[in-house]
Amino acid sequence: MTVAITAGVLVAGAVYLFLKREMLRVILGFVLLGHAGNMILMAAGGTSRRAEPFGTPEEPATVADPLPQAFVLTAIVIAFSITIFMLVLSATGTENDDTTDGANDPANGPTDSADGTSQPRPARHGARTEEHP
Amino acid sequence: MTALVTLPVLLPLLAAALSLMLTRFATIQRLLGLIVLLLIVLDAAWLLQVVDSEGPVVVQLGGHAAPFGITMIADRLAALLLLVSAVVTLSVLLFSIGQRITDYGRDTSSTAFHPMYLVLCSGVSLAYVSGDLFNLFVAFEIMLAASYVLITRRTTASRIRAGMTYVIVSLAASLLFITMIALVYAATGTVNLADLADKMGALPDGIQLGLSLLMLVVFGIKAAMVPLHFWLPDSYPTAPAPITAVFAGLLTKVGVYAMIRTQTLVFDHMESWTVLLVLGSLTMIVGALGAIAQDDINRLLSFLLVSHIGFMLFGLALFNELGMTGAILYVVHHIIVQASLFLACGLVTRHTGTVSVNGMSGVAKAYPLIAVLFALPALSLAGIPPFSGFIAKIALFQAGVQEATPIAYVATGAAILTSLLTLYAVGRVWVVSFWGEPSTPHPDPDPTDELIVGTRVTSRSMTTATGGLVAAGLLIIFVAGPLSGISERAATDLLDPSSYREVVLGDSAIAGGGE
């Protein structure tokens, strides 16, 4: 029950953060969502059995299931590395990380210092002037 | 024999580490990548031959018994896709090496490109051969992490936004994947696919259906199934041509493969699955209509990619032997054809200096070779006989008509309509861009930017790579007989997974007894 509520609160927080404009909030939302997934994964192994799984031979009724823990460990490492990558993306993507209106319009977008990209790209972006809020 | 299964995963991964150390020696780094991928092609061809004659090859990593250890298994489907993917990755690497040399000179090397590309190949191979659900998740993550780097490499702010869409959608799918694994594990106590096949049947119908739909959604996002396809046409065209080619050719197809694998092996679908038939038909129609509306040639091809995913879903949804055979043939055909189209398109845009269909004309007159390289896969995609698309499509149409339920007829009708719309979409490109008098090429605004479109030199290896891949697509016509044979046997295996289970769990019982 506690795990279910915790996962629910984490998902709610994640959704709240996804609705924000700044990329940083969205990334933090993914951190929360990742943890919610991990909580569910932990719950899959049963939360009542807590004894250590290796070493002393124990009753199977009290020993914790090691497999979900191993899964969670893997998932945490993966989520962590992807989070770092996304942080780098949001930092290098633009000088400020807001997703503002018309940000997809090359004329409004921040110009990359090296190549002054705003001019020559209508060919590629000509067909896609739509969608994003 | 077991090394044949592990090598396509280990070799590129180790080579990626080596490649990272060799960033100062551009030539050696390039050779390393090409040699490794060539080895994988040979390995996969050998594996396919072994698997087709002797049955699936299983590796229990670390010698742990099957439901507890990590299983890697190559059956006919996995080996076939491994071979096709290896051919595509090799051609695309050759193409991108050519492109990089012409853009940055012979001695320059990029730190990230070669290692990440090899990691991507490793992840794709692992996805094909992994025998348990969590390993499949890890394979997807390896593949996706590499693809995040490749799609956002050397780009500018506005394109990082598009890359960000891709990263966020993929990440959301991954988190859903891990939740799905948690629920599957909670319900059955195992993640081994063969073991799951045994235990899933004991669950109540509602839970089975829920898990099956959850898997459909998770892999549907990866495979760009309508209505989960919105991210694809926005993000794929923002990558350089060879990267788009390998993404379009492989990543979505790995999603389709995972879908085929889990739905046939784990769940017991006895008859055609209406939900998937409807989704498949929608995918075909929506994608094709989207393609017609596009002016950017890369976006047009991306929508066609979405549309043709529908054909594979259609074949899978029928859950009969003919449908499954058609789906497998379609995956094989589409991996090669879609990748070669994107490569050919990369050549076209480098010569004309624009991605706008209306902005170029007379390509056929100015660059006849490139026009041929575009036309052959385009005709194949539309399903004109005798190209590979025709062989795959006719198998699917037969399957749909044989099923003879109203919804199957509707889906078959949608498939035929989509073929015509595809022909219209590529025909329009042909008429507008390839016929007529050659237009003045658009000048190159910034030679140092890989992605800004403008007239560039092309190297011989780019044309060779495209030509090779187109030739591989044509080769399907000549090996259609044996290929259909293998696909049919693979389809039989998929629909009767008892041999798969026996090989995985039976071997482990023997190994377990020995310890």
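Predicted model: local features only at pLDDT ≥ 70, side-chain atom pairs only at ≥ 80, totals over all residues.
# Notebook: a first look at chain B

I began with the secondary structure, and chain B comes to 20 helices and two strands.

**Entry 1: overall form**

I looked up the dimensions next. Along the principal axes, the C-alpha atoms of chain B fill a box of roughly 70 × 55 × 40 Å. How does the radius of gyration of chain B agree with that of a compact globule? For 515 residues the globule would have a value near 24 Å, and chain B has 22 Å, so the two agree.

I then checked how much of the chain is covered. Of the 515 residues in chain B, 66% are buried. I also looked at contacts with a sequence separation of 6 or more, and 82% of these in chain B join residues 24 or more positions apart.

**Entry 2: surface and charges**

Chain B exposes about 16300 Å². Carbon and sulfur atoms supply 70% of that area. I counted charges too: there are 22 positive and 29 negative ones in chain B. Their mean positions lie 14 Å apart.

**Entry 3: the nonpolar core**

Which residues have the most contacts inside the largest nonpolar core? I found B:Tyr128, B:Leu133, B:Phe177, B:Phe219 and B:Phe247, in a core of 210 residues. Helix 13 of chain B, residues 321–352, gives the most to this core, with 17 residues.

Leaving out residues up to four places away in sequence, B:Leu133 touches B:Phe177, B:Met180, B:Ile181 and B:Val184, among others. The list also includes B:Val191, B:Leu193, B:Leu196, B:Met215 and B:Thr262.

I then went to the loop between helix 8 (205–223) and helix 9 (231–235) of chain B, where B:Pro227 lies. The peptide bond from B:Val226 to B:Pro227 is cis, with omega near 5°.

B:Ala224 lies in the loop between helix 8 and helix 9 as well. Its phi is near 60°, a positive value in a residue other than glycine. Is B:Ala224 buried or exposed? Its relative accessible area is 0%, so I wrote B:Ala224 down as buried.

**Entry 4: on either side of helix 16**

I moved on to the loop between helix 15 (368–382) and helix 16 (388–403) of chain B, which holds B:Pro386. Here the peptide bond from B:Pro385 to B:Pro386 is cis, and omega is near 5°.

B:Ala404 sits in the loop between helix 16 and helix 17 (406–434) of chain B. This residue is not a glycine, yet B:Ala404 has a positive phi of about 60°. I looked up its cover too: B:Ala404 has 42% relative accessibility, so it counts as partly exposed.

**Entry 5: B:Gln402**

My last stop was B:Gln402, which lies in helix 16 of chain B. With a relative accessibility of 52%, B:Gln402 counts as exposed, because the cut-off for exposed is over 50%.

Which residues is B:Gln402 in contact with, leaving aside its neighbours within four places in sequence? I found B:Asn320 and B:Leu322. I also checked the spacing to B:Gly323: B:Gln402 and B:Gly323 are 79 residues apart in sequence, and their C-alpha atoms are 9.3 Å apart in space.

Conventions: Residues numbered from 1 in each chain as written. Chains lettered and ligands numbered in written order. Heavy atoms only, no water. Helix = DSSP H or I, 4+ residues; strand = E, 2+ residues; numbered from the N terminus. Buried < 20%, exposed > 50% of the residue type's maximum accessible area, 1.4 Å probe, protein only. Rg over C-alpha atoms; globule rule 2.2 N^0.38 Å. Contact = heavy atoms within 4.5 Å. Areas by Shrake-Rupley, 256 points an atom, 1.4 Å probe, with all protein chains shown as cover. Lys, Arg positive; Asp, Glu negative; His and termini not counted. Charge placed at Lys NZ, Arg CZ, Asp CG, Glu CD. Core = buried A, V, L, I, M, F, W, Y, C linked by side-chain atoms within 4.5 Å.
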